[in-house]
Amino acid sequence: MTSHPNPSGTTQTDTRFQRFRAGVRRLYYGMTPGAQRWRLTLLTFDIVTIAYFVISSMLDPNRSNHIADYLIAAVLTADYLLRLAAAHRPVRAVFEFTAVTDLVVILSLLASAFIDNLAFLRVVRMLRLLRSYHLLKELRDASAFFRRNEEIIQSAINLFVFVFVVTAIVYVAEAHRNPEINTYLDALYYTVTTLTTTGFGDITMTDSFGRFLTVMIMIFGVGLFLRLVQTIFRPQKISYTCPDCGLSRHDPDAVHCKHCGRTIHIPTEGE
């Protein structure tokens, strides 16, 4: 069966593919109830699989459930391909950060039977969370708690991913070199004690590369770690743009703009 071109020069196959892409684009970017349910379903799937990734990474790597890994990889691959189909420029979308992280997660799942110590890289799937404008809008509309704590939630996710990615690097680099690092939990313990500058000293790096890695964590990791923690626990700011100077973040109880001194009227829900 052949596809015949219509007067405009496009074939029936091209037309069907364009309709398919338009339908997928509506699912991922539309504002219909069906599209919203689709995105919330993907969000729920992400949360469940991330919980599975974190829990399974703490277990003995030799007891990994490869069937579950392959099933999750199949779903993530379908989502990955659908996102590319929905993109206006699929080739450019392949090189976007979230697409690259999705591909890393998929490959780590497919390689789980051969390269177990890359399992922590699956946690970067969390970077997919809260990266969609439509999802953010829906969460703001649906949850007052999210509206009040959006910055804290995003910073907590970034901190969690950062710690677990650094842990992955420590584990991959030292699991077969350092007798004190035998599990992911050992690597996580070492990473957290290093990032917090606690340094109990019960786990130490004995090889040159391990010591170099520790220096890198101290130089670059500690500053970023403290910055993310500060973002979570510092006093919350309110989004309100000053009409005079344009300062957009103010203390919740601010009466005057700290930049220009103008009297401002920040809407509040009261006590």
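**Chat about patches, cores and pairs in a predicted model**

Colleague: Which residues make the nonpolar surface patch of about 350 Å²?

Modeller: Tyr70, Leu103, Leu107 and Leu110 make that patch, which covers about 350 Å². Patches are built from residues with over 30% relative accessible area and no salt bridge, where like charges are joined within 9 Å and nonpolar side chains (Val, Leu, Ile, Met, Phe, Trp, Tyr) within 5 Å. The accessible areas come from the Shrake-Rupley method with a 1.4 Å probe, and for residues only the protein chains shown count as cover.

Colleague: Before we go on, what sort of model is this?

Modeller: This is a predicted model, in which local features need pLDDT of at least 70 and side-chain atom pairs count only at pLDDT 80 or more, while totals for chains, interfaces and linings use all residues. Residues are numbered from 1 along each chain as its sequence is written, and side-chain values use heavy atoms, with hydrogens and water left out.

Colleague: Back to the patch, then: which helix gives the largest share?

Modeller: Helix α5, residues 97-110, gives the largest share with 3 residues; helices (H or I, at least four residues) and strands (E, at least two) are DSSP runs, numbered from the N terminus. Leucine 103 has its place in helix α5, and leucine 103 is partly exposed at a relative accessible area of 35%. On that scale buried means under 20% relative accessible area, exposed means over 50%, and partly exposed is in between, with a 1.4 Å probe and protein chains only.

Colleague: Now the inside. Which residues touch the most other members of the largest nonpolar core?

Modeller: The largest nonpolar core has 22 residues, and Phe162, Val163, Val170 and Ile181 touch the most other members. At least two residues each are supplied to this core by α7 (144-174), α8 (184-195) and α9 (208-233), and α7 gives the most, with 8 residues. A nonpolar core here is a set of buried Ala, Val, Leu, Ile, Met, Phe, Trp, Tyr and Cys residues joined through side-chain atoms within 4.5 Å. There is also a second, separate core of 12 residues, which includes Ile72, Ala73, Ala87 and Val105.

Colleague: What does valine 170 contact, leaving aside its neighbours within four places in sequence?

Modeller: With those neighbours left aside, valine 170 is in contact (heavy atoms within 4.5 Å) with Ala175, Ile181, Ala187, Tyr190, Thr191, Met205, Leu213 and Ile217.

Colleague: And leucine 228, is that buried or exposed?

Modeller: Leucine 228, which lies in helix α9, counts as buried at 13% relative accessibility. Leaving aside neighbours within four places in sequence, leucine 228 is in contact with Ser155, Asn158, Leu159 and Phe162. From leucine 228 to phenylalanine 162 it is 66 residues in sequence and 9.4 Å in space, C-alpha to C-alpha.

Colleague: Changing topic, how many salt bridges are in the whole structure?

Modeller: A search of the whole structure finds 3 salt bridges, a salt bridge being a side-chain nitrogen of Lys or Arg within 4 Å of a carboxyl oxygen of Asp or Glu. One of them joins the side chains of arginine 83 and aspartate 79 at 3.1 Å, N to O. Those two are 4 residues apart in helix α3 (residues 66-86), so about one helical turn separates arginine 83 and aspartate 79. Aspartate 79 is buried, with a relative accessible area of 5%.

Colleague: Where do arginine 177 and aspartate 207 sit?

Modeller: Their salt bridge has its closest N and O atoms 3.3 Å apart, and the pair links distant parts of the chain, with arginine 177 in the loop between α7 and α8 and aspartate 207 in the loop between α8 and α9, 30 residues apart. Aspartate 207 counts as buried at 16% relative accessibility.

Colleague: And what about aspartate 244 and arginine 262?

Modeller: Their side chains meet in a salt bridge at 3.2 Å, N to O. This pair also links distant parts of the chain, 18 residues apart, with aspartate 244 in the loop between β1 (238-239) and β2 and arginine 262 in the segment after β2. Aspartate 244 counts as exposed at 52% relative accessibility, whereas arginine 262 is partly exposed, with a relative accessible area of 34%.
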